[in-house]
Amino acid sequence: AVCVIGEKGEKFEVNDPAPTPEPVKDEKAQPASAPQVSVADVDVADIPAKVVTMPLMSDTMTEGVIAGWLKNIGDQVNAGDIIAEVETDKATMELEAFDDGILLYQAVKAGEAVPVNEVVAVVGEKGTDYAPLLVQKPASSEPEPVQEEAPTPEPTATSTQSIEATKEKSNGRVFATPLAKSLAKEKGIDIGLISGSGPNGRVTKSDVESFKGVPVSAPGTTISPSIVGQESFREEPVSQMRKTIARRLSESKFTAPHFYLTMAINMDKAMEARKSINDTGEGKVSFNDLVIKATAMALRKHPNVNSSWLEDKIRYNDHIHIGVAVAVDEGLLVPVVRFADSKNLFSISAEVKDLAGKAKEKKLQPSDWEGNTFTISNLGMFGIDEFTAIINPPDACIMAVGGISETPKLVDGELVNTHVMKVTLSCDHRVVDGATGAAFLNTFRDYLENPVLMLA
């Protein structure tokens, strides 16, 4: 009870609520054949086997897809061996075993998802009854080993000997990364013909790209075009990366009240400065590197833009970590240039190239993509003049950068050509007001229109 409302002078009595009765335990209600127990309730100390669970490989990961098994049922596994490749929302990473033994059980087939902390596999002594380790599974789900067999390629007349040699070396299994398999399929190449340069002879993406052999389709083979008007489509499972992009950006778009500020910047002096820098021979910098440096220095002067909305409080970051959006085959990754305001242009350039390379090869680690305080998305190199971007949480702002275009301008009564770049700042109105965003953009423009200020 919080209060009592009634007639003045009316008598009333407030009683304590009746205690909630404890549920009656019915010993017969629980069937003996399906005990509702957890792993902790089962004595598994004497079972000579260990479960391998799906680890948390990124801060946003909720499940991982087994991209491919590198060990099959019955294979010997040593501590430290990689038993599978896992596709997360950020990258394809390796699943390591921490115990010696035989691979007794695989929870799913390649291409299927496993939630974080759920059982992926069991490793132990041959013949071990490992069922008690899986008691969290439904009673009707009796563990059945999943044996993945690599498809046997159809040999051609010119490649039979090569195929047999490859099969003999790998005992009938083709070891290849998921990227290599996908690329080989796209190029029409039998991956069994390719010699792998990776660990234990695994075929990598670069092996496929450098392969000069005969494709599956013989030269001269023609493919009949589809009939005009014929309907067709294909469906593919949504990748972990695309799921996360959809979830996070939907939450951002429909939760954070976006507003947009667009500004045109004269890039004539920036182009001259870039040419002079690159002519020194000390390194090469791009326009994007200049944008990152100018952004970092402008954020130092406008800390309110370098902030985050945390529901009951606003975080104003003293450090400046700039996320740089990088397009990859399955979507968008945002590696982070840390302490960007304290780095020179050559350092920023080298770091961005390294991070972009890792992103495209799915080799980014959590430390590479976490901690951004502001994000830049640059589509200028794709011929885009201007666009708006959705804020990348937890940032309060993201800046969309368009390409540099030649634009006529009247100067002292004469028509001259200038080079203009348009940028659009997307702001979370819960944190950043219009005047705050405009002041930031004016400072950003000053740095690019007078690059010498960035050297001060």
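**View 1. Helices H6 (287–301), H7 (345–360) and H9 (434–449) are among the elements covering the buried residues of H5.** Cover here is by contact, meaning heavy atoms within 4.5 Å. Buried means under 20% relative accessible area, exposed over 50%, and partly exposed in between (1.4 Å probe, protein chains only). This is a predicted model: local features need pLDDT of at least 70, side-chain atom pairs count only at pLDDT 80 or more, and totals for chains, interfaces and linings use all residues. Residues are numbered from 1 along each chain as its sequence is written, and side-chain values use heavy atoms, leaving out hydrogens and water.

View 2. Ala-270, Ala-273, Ile-277 and Asn-278 are the buried residues of H5. They lie on the same side of H5 because their arc around the axis is only 130°. The arc is taken from the directions from the helix axis to the C-beta atoms. Glu-272, Lys-275 and Asp-279 are exposed, on the face turned away from the buried side.

**View 3. H5 along its length.** Gly-281 follows H5, with a positive phi near 85°.

**View 4. Thr-53 in strand S1 (residues 49–53).** Helices (H or I, at least four residues) and strands (E, at least two) are DSSP runs, numbered from the N terminus. Thr-53 is partly exposed, at 32% relative accessibility. Leaving aside residues up to four places away in sequence, Thr-53 touches Leu-95, Asn-117, Glu-118, Val-119 and Val-120. Ala-121 is 68 residues from Thr-53 in sequence, yet 7.0 Å away in space, C-alpha to C-alpha.
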